[in-house]
Amino acid sequence: MQSRILEHYRRPLPRCPALEPLCRFNNYVKACLIQRYMRPGAQVLDMACGSGGDLKKYRQNGAGSYMGYDLVPERIEEATTRHRNTRCMFAAVFEVRDFAQALDLRSTYDFVSCQFALHYAWDTEERAMRVLRNAVDCMAEGAHFILTFPDYAEIVKQLFRMMVEPNKDNWVRWEVDRHVYRVGGPRHSLVFESPLPFLDFLRELEAKPFGRCYTYSQEGAVDQVPEYMVEPTRLHAMCGAVGLEVVFDGNFSRFNDPCPLGDGQSFAELRRRMGAEEPLDDEAKLIAALYRALVLRKPRAEPATLDPRGERGSSSREEERRQKRQRGDS
Ligand SMILES: C[S@@+](CC[C@H](N)C(=O)[O-])C[C@H]1O[C@@H](n2cnc3c(N)ncnc32)[C@H](O)[C@@H]1O
């Protein structure tokens, strides 16, 4: 599977003119996250940076420095050239690396990003966990980690709809020894294969949070590339286990609202500037809704306080708990 992913991303990535408005919308979503959660001067780490498509967004938001890595040497070469040609004010380093292997990064970052890539590491729990650990290990306290990846709930919803109302783009077919489940539209598809009939197939999907693969195709751009379902309950639990808290978690369709992040901040002007106001056609809307955005934060450690005996080391919350116990509160 990894070799198929590598093979796909080694080729020059074509653009499909019919899906240009979708590309602009996706870029707008990423720009919202960067504008909202990155502070000017931040040291940025871009895991799976591809050909550096987000460099301009970081320039516009005043990044202090940038480190980008990607599995594919051709993309890293392109990103390096793009940085040279983009007149970025910040220094950037690009390296070929697998974000699902131990990285041992020596620097600390204020802002970490993993765009449209997390699902490639969801083949095993070990690799998935490694991505999160790689991020958290190099994040400064208070740093944000932004991610975009396929939305499990939306895909399951589409599978159900396919069973209830099959049509020419959404169908199930029996092929010698397996069922083929297809959801999507004329210009894109997600295809699952399983020996199991529908309800058992869904049950297995739920029971097995890693390695649940489908192939994704998008006209003129992606041809049957394997991707893995990222099951959200397990993902949230894993984030908690490495000490990351969830700040925002929402489907891309929320970004049609001028204030998508739930804090009253409007991005209408950004959307206009990025030329992403054009309404998406029905299929592009479907593709956009296949994705979700997740924002995580590494909490700041609680400051050490002097306890009543004048000794250092107990945090304010510990102190509060100690006082409660003394008062006999539950
Ligand atoms: C859809 S592209 C997104 C690129 C970029 N983040 C963006 O938003 O424009 C996915 C990228 O993930 C990279 N990728 C896939 N698996 C990877 C891995 N294990 N380690 C690092 N990069 C990986 C691919 O090479 C590709 O450049």
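Residues are numbered from 1 along each chain as its sequence is written. Because the model is predicted, local features need pLDDT of at least 70 and side-chain atom pairs count only at pLDDT 80 or more, while totals for chains, interfaces and linings use all residues.

Seven strands make up an open sheet with mixed pairing, in the order 3-2-1-4-5-12-11. (Strands, E of at least two residues, and helices, H or I of at least four, are DSSP runs numbered from the N terminus; two strands pair if DSSP finds at least two bridges between them.) Strand 3 (91-96) and strand 11 (245-251) are the edge strands, each pairing on one side only. Strand 1 (residues 43-47) and strand 2 (residues 65-70) run parallel and are joined by five bridges, with leucine 45 opposite methionine 67 in strand 2. Helix 4 (residues 73-85) packs on the sheet, touching strand 2 and strand 3 (contact is C-beta atoms, placed from the backbone, within 7 Å).

Now for helix 5 (residues 125-137). Its 13 residues should span 18 Å at 1.5 Å a residue, and its end C-alpha atoms are 18 Å apart, which agrees (the expected span is 1.5 Å times one less than the number of residues). Its buried residues are Ala128, Val131, Leu132, Asn134 and Ala135; buried means 20 or more other C-beta atoms within 10 Å of the residue's own, again placed from the backbone. Seen down the axis of helix 5, these fall within an arc of 155 degrees, so they line one face (the arc is that of the directions from the helix axis to the C-beta atoms). What covers them includes strand 1, strand 4 (109-115), strand 5 (139-150) and helix 8 (232-241).

Notes:
Contact = placed C-beta atoms within 7 Å. Axes fitted to C-alpha atoms, helices over the stretch in contact; angles between N-to-C directions. Buried ≥ 20, exposed ≤ 12 C-beta atoms within 10 Å, placed from the backbone.
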